[in-house]
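Reader: I am new to this structure. Please take me closely through a single part of it, then connect that part to what surrounds it.

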Amino acid sequence: MLITHRKRLLSLYRIAAKYRLDTHFADVPEFAPIARLLRVHPASFGRSHQPLGVKLALEEMGTLFLKLGQLLSTRSDLLPPQIIAQLSLLQDKVAPFDAKTAIATIEHAKYGLGQPIGDIFARFDEIPLAAASVAQVHTAALHDGREVVVKVVRPNIKQGIIADFELLRQMAAWASARLEAARAIHLIDVVEDYRQIMLNELDLTLEAANSTKMRHNFTGSRLIYVPEVYMSAKQVMVSERIFGVPISQTDLFDALGYDRAALAKKGLTIFFTQVFRDNFFHADMHPGNIFVETMPDGRAVAEPRYIGLDCAIMGELSKEDQLIVARMLLSVMNANYTALVDIIWQAGWIPPSADKYALMRDMSRTVSPMVLKPIHEIDFAGVLFEILSIARRHRMSIPPQLMLLLKTLVHVEGLGRELYPELDIWSLAKPILTAWVKSQLDPIKNIQELQARLPEVLLSTTDLPKLLNQSLQSLATLGAHQDALLHEIQSLRADGLNERRHDWIALAGFILMLGMAWWSALAIHLYLAPIFFILAIGVILWRVLL
């Protein structure tokens with residue numbers, strides 16, 4: 001395994017040198033040592049700067065690095081424009097695979113739809129509409145005339161994902177053994193969770209189920225439209241074709257006359273609605289997955305909605321975590337950092353010995369500027385890193401299930417920054433969160449939920465006699481076990497008393513024999529002294545050896 005990881009690292013090193021990544025980050029001082037290392041690799045010899053080097057390198061590195069590029073493509077505050085332009089191409093313009101392979105996958109009996117392509121579609125367009133990290137999309141038409149899109153998983157990518165996550169897990173274990181911040185965010189668990197998420201993304205039956213659920217959640221909504229899924233298999237999904245503009249193409253919004261401020265508010269409302277009302281949120285919100293509705297011919301619609309695509313990665317929180325997150329956000333918005341720390345402490349994220357007042361001061365100093373600024377003035381990444389630093393200093397433990405939500409927030413904040421930089425996310429979010437928290441604490445609602453569950457509760461009471469009998473048997477078994485333990489303790493106590501009694505007898509015998517030997521030496525019976533001395537030694541040996 002170690003040899004395999006070493007080979008993979010050397011392969012990544014070769015790819016980075018081959019595409020001269022050192023020339024793309026020449027102005028970044030922190031990158032200088034790595035740049036020097038890349039320049040001495042033989043793969044870089046004779047090669048000059050490549051305008052699309054970053055995109056091509058991430059493509060060749062594999063799916064995991066493509067996903068990283070998609071995440072970073074929304075962070076224009078972190079990377080220069082020329083790098084963002086390349087990463088944006090990873091959203092839907094990755095190198096496609098052969099159409100014959102796509103057709104073979106569609107017709108496959110186990111992983112595809114198990115029918116000849118002509119029996120399924122009246123028309124199938126071999127040139128893909130889009131190609132991304134995990135799959136590519138072809139347009140087609142059903143025999144009843146409905147226009148559809150056909151999503152097909154890339155061939156032979158599962159083993160590469162598994163191998164990369166093995167390497168990533170080793171790196172996470174190395175970091176966790178040395179860095180408090182890595183332990184605070186449960187880095188190993190985060191890697192394991194995301195590994196399973198990405199493997200689930202390869203199963204399009206799961207994505208189809210997620211899409212259907214999200215479509216149901218927003219039925220009739222004027223905020224977002226989720227296309228209907230018509231057919232699905234493990235590596236193929238056929239769904240309704242929609243028409244829209246990717247959220248990153250803000251110049252087209254202006255040309256269509258769309259109100260970018262209204263769109264930004266709708267987007268944020270959708271996010272908070274998914275997290276708190278539905279507890280089912282889209283966790284892969286890069287621009288390639290988020291469109292804004294248009295007419296099929298590209299003309300504007302009167303009241304544009306978002307279009308939700310690629311529901312492969314969805315997040316859910318426990319009810320307890322939902323309430324914790326909502327209360328924390330409200331505490332931040334109200335600048336109540338005492339309440340914020342109390343919530344963190346009650347959630348068990350900090351040890352009992354932590355200095356709550358020091359944590360409160362650190363949180364106030366770091367987070368309060370974020371609430372007072374519009375989104376384009378917030379250094380979100382800097383705040384995030386500072387919060388992780390605070391977590392390290394105060395030995396805070398952040399549950400792994402919240403890291404997916406944090407990743408989604410990074411996406412949302414980046415999209416909002418591009419769409420409408422002046423957006424005040426806090427003033428929009430506060431009434432949504434306040435209403436949700438009140439609804440969760442509403443006694444009438446809780447009684448109604450209990451009434452709805454009453455049949456289930458009543459049915460469960462039929463198990464009470466059985467549970468009572470099992471409990472009595474358990475108590476009897478526990479009582480017998482406790483009696484056995486008590487008897488054993490008493491035996492040990494008796495043995496201990498006997499052991500201490502023997503020690504005192506041996507000590508007394510030793511002293512007595514030494515006294516007799518000394519008396520014999522003083523008296524005329526000198527020949528008895530060695531005998532008593534030997535007996536004294538014998539007493540000690542008897543106690544030690546027996």
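Leaving aside its neighbours within four places in sequence, which residues is Asn210 in contact with?

Author: Leaving aside those sequence neighbours, Asn210 is in contact with Phe280, Cys311, Ala312 and Met314. Contact here means heavy atoms within 4.5 Å.

Some ground rules come next. This is a predicted model, where local features need pLDDT of at least 70 and side-chain atom pairs count only at pLDDT 80 or more, while totals for chains, interfaces and linings use all residues. Residues are numbered from 1 along each chain as its sequence is written, and side-chain values use heavy atoms, with hydrogens and water left out.

Back to Asn210. Its place is in helix 11, residues 204-217. Helices (H or I, at least four residues) and strands (E, at least two) are DSSP runs, numbered from the N terminus. Asn210 has a relative accessible area of 16%, so it is buried. Buried means under 20% relative accessible area, exposed means over 50%, and partly exposed lies in between (1.4 Å probe, protein chains only). The side chain of Asn210 also reaches the backbone oxygen of Cys311, at 3.0 Å. That is a polar contact: a pair of N or O atoms within 3.5 Å; within protein, one must be able to donate a hydrogen and the other to accept it, and residues adjacent in sequence count only if both atoms are side-chain atoms.

Now the aromatic rings. The structure holds five aromatic pairs. Rings of Phe, Tyr and Trp (its six-membered ring) pair if their centres lie within 6.5 Å; planes under 30 degrees apart count as stacked, over 60 as edge-to-face and the rest as tilted. One of the pairs is Phe272 with Phe276, which is stacked, at 6.2 Å centre to centre and 10 degrees between the planes. Both residues lie in helix 13 (residues 260-278), four residues apart, about one turn of the helix. Phe272 is buried at 8% relative accessibility. Phe276 is buried too, with a relative accessible area of 3%.

Phe276 has a further partner. Its ring centre is 5.1 Å from that of Trp436, and the planes stand at 50 degrees, so this pair is tilted. The pair links distant parts of the chain: Phe276 is in helix 13 and Trp436 is in helix 19 (residues 425-440), 160 residues apart. Trp436 is buried, at 9% relative accessible area. Phe271, Phe272, Phe276 and Trp436 form one aromatic cluster.

Follow Trp436 into helix 19. The helix has 16 residues, which should span 22 Å at 1.5 Å a residue, and its end C-alpha atoms are 22 Å apart, which agrees. The expected span is 1.5 Å times one less than the number of residues. Its buried residues are Ile425, Trp426, Leu428, Ala429, Leu433, Trp436, Val437 and Gln440. Seen down the helix axis, they fall within an arc of 150 degrees, so they line one face of helix 19. The arc is that of the directions from the helix axis to the C-beta atoms.

Two charges sit over rings. The charged end of Arg277 sits over the ring of Phe218, 5.1 Å from its centre. Arg146 lies over the face of Tyr230, at 4.4 Å from the ring centre. The test is NZ of Lys or CZ of Arg within 6 Å of the ring centre and within 35 degrees of the ring normal.

Last, the whole chain. The chain has 23 helices and 12 strands. Buried residues make up 44% of its 546 residues.
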